[in-house]
Amino acid sequence: MAASEQPLQLAAESTVHYTCAGGKQVVARYGGLSDGSLNYVRLTLPKGQQITLPQVASGSGARFSADQDVTWWSKGTEGFLQRRDATGQWQMSLTSCEQQR
């Protein structure tokens, strides 16, 4: 490692609370590596399940997905969660998620 190179570190996480359709609560912790090479979201879903998803390319907003089975989309103050069903089709799991202030 050259003297000018800094070791990678986790950047500070930003926590956002969402209320989705049906009053379901989601907590999203957005973070990344200090060099910007990887961004991620750590989600805590309504039943306490926790998943971490890396950010992937998106035409609009921010998209986080792992193994192409679960995707969290966010844009502005809104978000939603999709999951693939047994036939491989995307199904909405959490809709109309609005950021809480």
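How many aromatic pairs does the structure hold? This is a predicted model, and the structure holds 3 aromatic pairs.

## Aromatic pairs

One of these pairs is formed by Tyr 18 and Trp 72, whose ring centres lie 5.2 Å apart with their planes at 70°, so the pair is described as edge-to-face. Because Tyr 18 belongs to strand S1 and Trp 72 to strand S6, the pair ties together parts of the chain that are 54 residues apart in sequence. Tyr 18 and Trp 72 are both buried.

Another aromatic pair, that of Trp 73 and Phe 80, is stacked, with 6.2 Å from centre to centre and 15° between the planes. Trp 73 has a relative accessibility of 22% and therefore counts as partly exposed, and Phe 80, at 27% relative accessibility, counts as partly exposed as well.

## The nonpolar core

The largest nonpolar core has 18 residues, and those with the most contacts inside it include Tyr 18 and Trp 72, which also form the edge-to-face pair. Val 26, Tyr 30, Val 41, Leu 43 and Leu 53 are also among the residues with the most contacts inside this core.

Several strands contribute to this core, for S1, S2, strand S3 (39-44), strand S4 (50-56), strand S5 (62-66), S6 and S8 each supply at least two of its residues. The largest share, 3 residues, comes from S2.

## The disulfide

The structure holds 1 disulfide, which joins Cys 20 to Cys 97 with a distance of 2.0 Å from S to S. The torsion about this S-S bond is about 105°, so the disulfide of Cys 20 and Cys 97 is right-handed. The pair links distant parts of the chain, since Cys 20 sits in the loop between strand S1 (14-19) and strand S2 (25-32), whereas Cys 97 is in strand S8 (residues 90-99), 77 residues apart. Both Cys 20 and Cys 97 are buried.

Thr 71 is found in strand S6, which covers residues 70-75. With a relative accessibility of 3%, Thr 71 falls under the 20% cut-off and so counts as buried.

The side chain of Thr 71 makes a polar contact, at 3.0 Å, with the side chain of Ser 65. When neighbours within four places in sequence are left aside, the residues in contact with Thr 71 are Arg 63, Phe 64, Ser 65, Phe 80, Leu 81, Gln 82 and Trp 90. Among them is Phe 80, the residue that forms the stacked pair with Trp 73.

Definitions and conventions
Residues numbered from 1 in each chain as written. Predicted model: local features only at pLDDT ≥ 70, side-chain atom pairs only at ≥ 80, totals over all residues. Heavy atoms only, no water. Disulfide = S-S within 2.5 Å. Helix = DSSP H or I, 4+ residues; strand = E, 2+ residues; numbered from the N terminus. Buried < 20%, exposed > 50% of the residue type's maximum accessible area, 1.4 Å probe, protein only. Polar contact = N/O pair within 3.5 Å; in protein donor to acceptor, adjacent residues only side chain to side chain. Contact = heavy atoms within 4.5 Å. Core = buried A, V, L, I, M, F, W, Y, C linked by side-chain atoms within 4.5 Å. Phe/Tyr/Trp six-rings, centres within 6.5 Å; stacked < 30°, edge-to-face > 60°.
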